[in-house]
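Open the model in your viewer and keep the selection tool at hand. This tour goes stop by stop, with a note on what is there each time.

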Amino acid sequence: MPSRAGFHNPAKSLPERGLLLLMVLLFLEVSVRPLGVACSQDTNHHHQDQHSGNATFVKKAFPVLSLDYNHIKAPFEVSLWVLLASLMKLGFHLVPRLSGIVPESCLLITVGLLVGGLIKLAGEEVPPVLDSRLFFLCLLPPIILDAGYFLPIRPFMENLGTILMFAVVGTLWNAFFIGGLLYAVCQIQPANPSILHQLELLPCLLFGSIVSAVDPVAVLAVFEEIHINELLHILVFGESLLNDAVTVVLYHLFEEYSGVGTVTVMDGFLGIISFLVVACGGVLVGALYGILAAFTSRFTSHTRVIEPLFVFVYSYMAYLSAEMFHLSGIMALIACGAVMRPYVEANISHKSHTTIKYFLKMWSSVSETLIFIFLGVATVDGKHAWNWTFVTVTVVLCLVARVMGVVGLTFVINKFRIVKLTTKDQFIVAYGGLRGAIAFSLGFLLDERHFPMRGMFLTAIITVIFFTVFVQGMTIKPLVELLAVKKKQEAKRSINEEIHTQFLDHLLTGIEDICGHYGHHHWKDKLNRFNKKYVKKCLIAGRALQGATAHCLLPQNGDETGH
């Protein structure tokens with residue numbers, strides 16, 4: 001081992017630098033073929049020469065050194081992209097004035113546009129960075145798992161009815177409103193035949209289903225920065241998570257119907273069943289893997305080092321299993337994370353909990369950064385077909401459909417809600433309906449043989465994404481401050497607030513029992529009793545089960561320390 005001083009001694013470092021420089025110069029003078037090709041060619045020559053009775057070998061100047069970029073090309077380029085994304089994220093937060101004006105997602109898309117432009121100016125081929133398989137199988141799962149694992153269950157369940165109304169009815173409304181009116185506009189054209197006259201109703205409805213869904217990645221990126229209050233955050237973010245099932249069903253239905261060309265009443269009925277199968281099937285698959293993860297964590301007390309691995313692997317398997325059957329992978333991840341968390345955290349050590357927390361945050365942050373950079377690069381590389389009428393009408397219809405849907409649904413929802421949604425709340429929910437890379441990837445999946453308008457669809461989708469992310473994303477923070485919308489309270493609830501909350505839950509449950517009205521407090525109490533009596537005994541280890549109640553009541557200090 002060299003001494004610490006040896007690394008800083010100029011007299012020692014100078015010969016080392018000279019030797020390194022000499023090796024590089026000699027290395028550049030030697031023309032070397034890629035190792036895999038050279039080896040295969042040399043082997044073939046060797047075998048051929050053996051057949052002829054003469055074995056010949058090509059002697060290299062430096063037998064050890066060779067240039068073989070193809071051998072490390074894939075991991076090297078992946079590492080470069082991750083490094084670029086991390087440096088851009090780091091530089092963004094080093095300039096407070098910039099981060100206070102421009103959302104991070106906007107800056108990252110701009111970086112992607114610049115990188116793609118520089119690659120094209122250099123005469124190189126822009127790599128297909130935002131491939132749909134890469135997006136859906138590698139980049140999206142970490143973001144959804146992070147959101148599902150740390151999902152605030154109580155506010156989510158309390159507003160589940162409102163979220164489902166926005167996610168299901170609102171997405172259906174947006175898809176049919178945008179697709180139907182877009183088809184009507186395409187038919188109402190001047191007498192001269194145009195390319196828009198070739199568009200039929202089913203491809204328009206397919207396009208409407210792609211651009212109608214709110215994107216969870218874009219919503220997370222923007223809403224985390226403006227620190228909106230918990231109610232509005234859970235409404236918009238919950239909608240963006242749950243509307244995935246509607247989008248998946250509509251996308252596959254209209255894609256199939258467009259190929260067949262006809263739709264019957266039975267097809268519509270089967271479409272409704274498909275939605276229930278996709279949504280409920282995704283939840284069941286996720287819950288099953290979540291229970292398996294929790295049960296496995298019972299036996300990890302002697303191998304603490306692999307505890308976080310089970311959380312990641314079981315979650316990813318839930319996502320892949322759901323996607324294998326065209327179920328909702330997003331809902332599978334949410335269900336898996338929400339089901340496993342209370343039991344896994346009761347079994348694993350505090351260090352494992354800290355590892356899971358920060359690894360998920362790091363993984364989702366890098367994926368989110370890469371998605372926005374790749375979106376900018378793919379925009380430069382894409383084959384665009386610009387049509388002013390189609391693009392303009394699409395953007396306008398997306399805005400109008402969103403506003404009409406939120407206002408109309410809120411009018412119905414407020415009749416059943418105790419805490420009504422105000423006009424300001426409706427405005428933020430409508431304005432926060434951002435589109436993102438999920439829409440782009442679904443459009444990218446379209447087959448150009450069956451959808452000759454694919455280029456025009458992708459151009460319109462990118463325009464909608466850029467409009468929502470740049471215009472709405474950059475102006476939502478000033479509008480929140482202008483309207484004096486309530487912000488999120490960062491402080492954790494005290495023990496006194498926790499005790500009063502549990503006391504109020506038990507009190508309301510008792511009142512419902514006395515009145516004979518079985519509301520959600522009654523059923524929640526039944527579920528908690530069943531969970532405590534049966535489920536926890538199966539999924540939580542003995543010692544962890546004894547300390548689970550005390551652990552929940554004590555304040556959790558030292559999350560950041562890792563002790």
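**Stop 1: a loop and a nonpolar patch**

Select V95 to begin. V95 sits in the loop between α3 and α4 (96-101). Helices (H or I, at least four residues) and strands (E, at least two) are DSSP runs, numbered from the N terminus. With a relative accessibility of 38%, V95 counts as partly exposed. Here buried means under 20% relative accessible area, exposed means over 50%, and partly exposed lies in between (1.4 Å probe, protein chains only).

Before moving on, note the ground rules. This is a predicted model, where local features need pLDDT of at least 70 and side-chain atom pairs count only at pLDDT 80 or more, while totals for chains, interfaces and linings use all residues. Residues are numbered from 1 along each chain as its sequence is written, and side-chain values use heavy atoms, with hydrogens and water left out.

Together they form a nonpolar patch on the surface, with about 940 Å² of accessible area. Patches are made of residues with over 30% relative accessible area and no salt bridge; nonpolar side chains (Val, Leu, Ile, Met, Phe, Trp, Tyr) are joined within 5 Å, like charges within 9 Å. Accessible areas come from the Shrake-Rupley method with a 1.4 Å probe; for residues, only the protein chains shown count as cover.

**Stop 2: the whole protein**

Zoom out and colour by secondary structure. The protein has 22 helices and 0 strands. Of its 563 residues, 43% count as buried. Contact means heavy atoms within 4.5 Å. Among contacts between residues at least 6 apart in sequence, 82% join residues at least 24 apart.

**Stop 3: salt bridges**

How many salt bridges are there? The count comes to 6. The rule asks for a side-chain nitrogen of Lys or Arg within 4 Å of a carboxyl oxygen of Asp or Glu.

Select K89 and E104. Their side chains meet in a salt bridge, 2.4 Å from N to O. This pair links distant parts of the chain: K89 is in helix α3 (residues 69-93), E104 is in helix α5 (residues 104-121), and they are 15 residues apart. Both K89 and E104 are buried.

Next, select R402 and E239. They form a salt bridge, with the closest N and O atoms 2.7 Å apart. R402 lies in helix α16 (residues 388-413) and E239 in helix α11 (residues 230-260), so the pair ties together parts 163 residues apart in sequence. R402 counts as buried at 5% relative accessibility. E239 is buried too, at 1%.

Stay on E239 and show what surrounds it. Leaving out residues up to four places away in sequence, E239 touches I163, F166, A167, V214, I234 and R402.

Then pick E307 and R304. Their closest N and O atoms are 2.5 Å apart, in another salt bridge. R304 counts as partly exposed at 33%.

**Stop 4: a buried threonine**

Select T171 in helix α8 (residues 160-187). At 1% relative accessibility, T171 counts as buried. Setting aside neighbours within four places in sequence, T171 is in contact with F166, S212, N243, V246 and T247.

**Stop 5: aromatic rings**

The structure holds 19 aromatic pairs. Rings of Phe, Tyr and Trp (its six-membered ring) pair if their centres lie within 6.5 Å; planes under 30 degrees apart count as stacked, over 60 as edge-to-face and the rest as tilted.

Select F427 and Y431. Why is this pair stacked? The ring centres are 5.4 Å apart and the planes of F427 and Y431 meet at 20 degrees, so the pair is stacked. F427 and Y431 are 4 residues apart in helix α17 (residues 423-431), about one helical turn. F427 is partly exposed, at 34% relative accessible area.

Move to F440 and F444. This aromatic pair is also stacked, at 6.1 Å centre to centre and 25 degrees between the planes. Both lie in helix α18 (residues 437-444), 4 residues apart, about one turn of the helix. F440 is buried, at 3% relative accessible area, whereas F444 counts as partly exposed at 30%.

R454 lies over the face of F444, 5.0 Å from the ring centre. A charge sits over a ring if NZ of Lys or CZ of Arg is within 6 Å of the ring centre and within 35 degrees of the ring normal.
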